[in-house]
Amino acid sequence: MPQSFLEFLLADVLLNGAIYAAFVVPAYLLCWVACARRLQHRRIQPHRRAHARAIRHDIAYSLLSLVTFAVVDLAAALLDAHGLTRLYPDIDQRGLAWFILSVPLVILLHDAYFYWTHRAMHHPRLYRLVHRVHHRSTDPSPFTSFAFHPLEAVVENGFTLLVILVLPLHFAALLTWQLFQQLFNMIGHLGYELYPAWWLRAPGLRWKTASTHHNLHHQLFVGNYGLYFTWWDRWLGTELPQYAERFAQATQPRP
């Protein structure tokens with residue numbers, strides 16, 4: 001492999017690792033360490049606690065995922081270098097309106113992609129081969145957000161390859177979506193419910209997944225397959241019926 005490829009992979013791992021750490025380390029230190037007692041009433045699983053072995057497992061697989069992501073990013077860079085992607089460098093090429101609209105469009109497409117690939121990985125064969133690694137964490141922490149089997153990491157980052165082949169995207173729009181998905185992926189694995197008690201009663205906001213939504217999936221191994229929004233689970237009958245009740249328990253006022 002040419003040295004430039006190795007340099008690209010190393011730089012990609014370091015950059016994505018820094019972004020990953022910037023999200024998960026402060027969240028873990030704040031919620032799980034510094035404010036653990038103060039936030040106890042916000043714990044989604046009050047009688048469970050991820051032990052040190054689970055944390056080490058998640059960190060090790062997260063590091064492996066960062067390497068896998070870098071390989072996929074290298075493939076994307078090579079496609080772009082040969083003019084095979086629809087990435088463009090100048091916002092004026094497509095206009096400011098498209099630049100702004102492209103970010104929520106990518107989020108919507110990624111939400112659908114995540115739901116169906118995630119649900120597919122719960123097929124017994126794929127689960128045993130691939131997805132079981134992620135479900136080792138039944139009480140997820142922020143470090144669980146990137147704890148994937150390498151094949152699952154390829155699927156997770158494979159959306160980037162697909163979207164840059166199909167949609168005209170400015171690099172800044174792509175980066176904005178990636179930061180957005182890292183933030184909400186971390187919130188889904190936080191272990192604490194941050195959203196207010198009235199969240200599920202608000203007509204528009206109730207479609208946005210709360211942390212309890214994905215935490216229940218880690219507890220029960222089925223249902224609640226969505227990432228950002230609840231509509232795919234609601235439309236297809238895969239939303240867990242105890243979601244609203246467990247959310248209410250995690251958002252009760254502190255005694």
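Is D139 buried or exposed? This tour of a predicted model begins with that residue and then moves through the helices and loops.

**Stop 1: D139 and R43**

Select D139. This residue is buried, with a relative accessible area of 5%. Next, select R43, which forms a salt bridge with D139; the closest N and O atoms are 2.8 Å apart. The pair joins distant parts of the chain: R43 belongs to the loop between α1 and α2, whereas D139 belongs to the loop between α4 (124-129) and α5, 96 residues apart. R43 is buried because its relative accessible area is 2%, below the 20% limit. In general, side chains of opposite charge can pair when their charged atoms come close.

**Stop 2: R234 and E239**

The structure holds two salt bridges. To see another pair, select R234 and E239, whose closest N and O atoms are 3.5 Å apart. Here R234 is partly exposed, with a relative accessible area of 30%, and E239 is partly exposed as well, at 22%.

**Stop 3: I187**

Select I187, found in helix α6. This residue is buried, with a relative accessible area of 12%. Not counting residues up to four places away in sequence, I187 touches Y195 and S211. With D139 from the opening stop still displayed, the C-alpha atoms of I187 and D139 can be compared: they are 13 Å apart in space, and the residues are 48 apart in sequence.

**Stop 4: helix α3 and H110**

Now select residues 96-120, which make up helix α3. The helix has 25 residues and reaches 37 Å from its first C-alpha to its last, close to the 36 Å expected at 1.5 Å a residue. Follow the helix to S102, where a kink of about 30° lies shortly before the proline P104.

Within α3, select H110. Which residues is H110 in contact with, leaving aside its neighbours within four places in sequence? They are F159, W177, Q181, L227 and Y228. H110 is buried, with a relative accessible area of 3%.

**Stop 5: helix α5**

Where does α5 bend by about 35°? The bend is at N157. Several residues of α5 are buried, among them E152, N157, F159 and I164. The buried residues of this helix pack against α2 (52-81), β1 (87-88), α3, β2 (169-170) and α6 (171-188).

**Stop 6: the loop between α7 and α8**

Select F221, in the loop between α7 (211-220) and α8 (231-235). F221 has a positive phi of about 70° although it is not a glycine. For context, most residues other than glycine have a negative phi. At 30% relative accessibility, F221 counts as partly exposed.

N224 lies in the loop between α7 and α8, and its phi is also positive, at about 50°, although N224 is not a glycine. N224 is buried, with a relative accessible area of 0%.

**Stop 7: a surface patch**

Finally, select V25, L29 and V33, which make a nonpolar surface patch of about 230 Å². V33 is placed in helix α1, residues 3-34. As background to this spacing, an α-helix has 3.6 residues a turn, so residues three or four places apart point the same way.

Notes. Residues are numbered from 1 along each chain as its sequence is written. This is a predicted model: local features need pLDDT of at least 70, side-chain atom pairs count only at pLDDT 80 or more; totals for chains, interfaces and linings use all residues. Side-chain values use heavy atoms; hydrogens and water are left out. Helices (H or I, at least four residues) and strands (E, at least two) are DSSP runs, numbered from the N terminus. Buried means under 20% relative accessible area, exposed over 50%, partly exposed in between (1.4 Å probe, protein chains only). Contact means heavy atoms within 4.5 Å. The bend at a residue is the angle between axes fitted to the seven residues ending there and the seven starting there. Patches are made of residues with over 30% relative accessible area and no salt bridge: like charges are joined within 9 Å, nonpolar side chains (Val, Leu, Ile, Met, Phe, Trp, Tyr) within 5 Å. Accessible areas come from the Shrake-Rupley method with a 1.4 Å probe; for residues, only the protein chains shown count as cover. A salt bridge is a side-chain nitrogen of Lys or Arg within 4 Å of a carboxyl oxygen of Asp or Glu. The expected span of a helix is 1.5 Å times one less than its number of residues.
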